[in-house]
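The following text walks through one part of a protein model. Please keep the sequence and the coordinates at hand while reading.

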Amino acid sequence: MDQPTVGILHPGSMGAAVAACAATNAAEVLWCETGRSTASVERAAQFGLTPVATLAELLDRSDIVISLCPPAAAEDLARDVAGHRFAGVYVEANAINPTRVQRVAGLLEPDATVVDGGVVGSPPVGGKTPTLYLSGPADATEHIEALFVGTAVRTAVLGTEIGKASALKLAYASFQKTSRVLVALAVGMAREHGVDQELLAVASKRTDSYLSEPQYVAKTAARAWRWGPELEEAADVLEAAGLPSEMLHAAASTLARWHDAKDDGELTLTDALDRLAQP
């Protein structure tokens, strides 16, 4: 598998950028354009991905398939792939909990080899260098490491146990995303009482705090449609471990108030706080 053909399933902002990095060491990177939005078509063209007409064609031609889609769709997508008896390496890189990753593996094996993946960091554009954590069969994870050598996507193997990469992804997401929600609530509370500028002045003295980056509230709102389901997945992991999950459920509920701000790059801090205050 010196230069494998790679298929990317549902190339969103992260998936398309990761796929473009994979193209460095791949013979070709394919995506299925059927049923996808105009934004997806434009994004795929921007990153130089090769369109194919059907999922069957993508799977027939691909040695490695990378699944990066909204968490709710992960198992249905894997079920579709399993229906075509895909026999290559399937990288389950969605933000889903370890139990769901194991179910995906159960759907696809023994035909395919499943690798658990979790991307930590921003999409690999503009100098960003996310890490793709991997766990699964050693020979398969070696192929994925080789795919991203010399690219902006770093890789790290956590072992052979399916679920480790997803657990790490959700553990980090539970802190990082909930912290951003708390910033929005703190600034919203302060604004209601006319002391938001004073709050930000206090926060500016603590540059190691997310509270010193209030401008990120608008970005949080635009990403809420993806972040909320991730936190629900993380809450499931806490519950399975016998740990309290109420905080993450509450954060996900807060993010749901921004659902109609999906990928709105024009949103301001004021807009985001106004929407947050609407039940």
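**A buried loop residue and the strands around it**

Ile162 counts as buried because its relative accessibility is 17%, where buried means under 20% relative accessible area, computed with a 1.4 Å probe on protein chains only. The model is predicted, so local features need pLDDT of at least 70 and side-chain atom pairs count only at pLDDT 80 or more, while totals for chains, interfaces and linings use all residues. Residues are numbered from 1 along each chain as its sequence is written, and side-chain values use heavy atoms, with hydrogens and water left out.

Ile162 sits in the loop between β8 (154-157) and α7 (164-192); helices (H or I, at least four residues) and strands (E, at least two) are DSSP runs numbered from the N terminus. Leaving aside residues up to four places away in sequence, Ile162 touches Val101, Gln102, Val114, Val115, Asp116, Ser135 and Gly136, a contact being heavy atoms within 4.5 Å. Val115 is 47 residues from Ile162 in sequence, yet their C-alpha atoms are 7.0 Å apart.

Val115 in β6 stands opposite Val91. Strand β5 (residues 89-92) and strand β6 (residues 113-120) run parallel and are joined by 4 bridges; two strands pair if DSSP finds at least two bridges between them. From β5, Val89 and Val91 point one way and Tyr90 and Glu92 the other, and all are buried.

Strand β4 (residues 64-67) also pairs with β5, in the parallel sense over 4 bridges, and Ser67 has Glu92 as its bridge partner in β5.

Notes. Buried < 20%, exposed > 50% of the residue type's maximum accessible area, 1.4 Å probe, protein only.
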